[in-house]
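Have the chain open while you read.

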Amino acid sequence: MTLIETLAAVKPGSALAEAMEKRAEILRLSEAAHDAVLAPRNPGGLSHGLRAALAARMARQNGNEVLARHYDGLVERAAEDATALLAQPGTNVNDTRTAEIVRHADRLTVAPREATRGNIEALRSAGISDPDIVRLSELAAFVNYQVRVIAGLKLIGARQ
């Protein structure tokens, strides 16, 4: 089973599991996207631990504690103590660069329509490169996609 199927508690042999088998390629691509945004070979200026902590934070902001715990496990494996606290929404950050990254990740999760060109300029002013801004956006897009797919599958599974 894929991570999405596991976290959505898709029961083997259920009608939902059978439907998911027909969408195996989408699930495979979702797993590949997970690996690409969370643990790329070249993480750029967003370490694996930072990515995992932000992902856990986003999952919590969306009310998916099970997914957040998955990402907490990745935070632990990364062994980057400085990033672990970022997994909790409401954590204060003193470092300007990290604070701007967290602020943008929160915005993309909680109020994505409020993201503006000015926010991108604020990221650049905090020393975040354009490739890292793209990486951050990809991470936010993926985690928020994942949350929604899991929620949808749970709803479908509950009706069976």
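Here is a short tour, grouped by topic.

This is a predicted model, where local features need pLDDT of at least 70, side-chain atom pairs count only at pLDDT 80 or more, and totals for chains, interfaces and linings use all residues. Residues are numbered from 1 along each chain as its sequence is written, and side-chain values use heavy atoms, with hydrogens and water left out.

**Helix 4**
- Helices here are DSSP runs (H or I, at least four residues), numbered from the N terminus.
- Helix 4 covers residues 48–61 and has 14 residues.
- Of those 14 residues, 12 are buried, so helix 4 is largely enclosed by the rest of the structure; buried means under 20% relative accessible area, with a 1.4 Å probe and protein chains only.
- Among the buried ones are L50, L54 and M58.
- Their cover includes helix 3, helix 5, helix 6, helix 7 and helix 9.
- Just after helix 4, G63 takes a positive phi of about 75°.

**Helix 3**
- L27, S30, H34, V37 and L38 are buried in helix 3.
- Looking down the axis of helix 3, its buried residues fall within an arc of 95°, so they line one face of the helix; the arc is that of the directions from the helix axis to the C-beta atoms.

**F142**
- F142 belongs to helix 9, residues 130–158.
- With 7% relative accessibility, F142 counts as buried.
- Leaving out residues up to four places away in sequence, F142 touches S30, A33, H34, V37 and Y71; contact means heavy atoms within 4.5 Å.

Definitions and conventions
Helix = DSSP H or I, 4+ residues; strand = E, 2+ residues; numbered from the N terminus. Buried < 20%, exposed > 50% of the residue type's maximum accessible area, 1.4 Å probe, protein only. Expected span 1.5 Å × (residues − 1).
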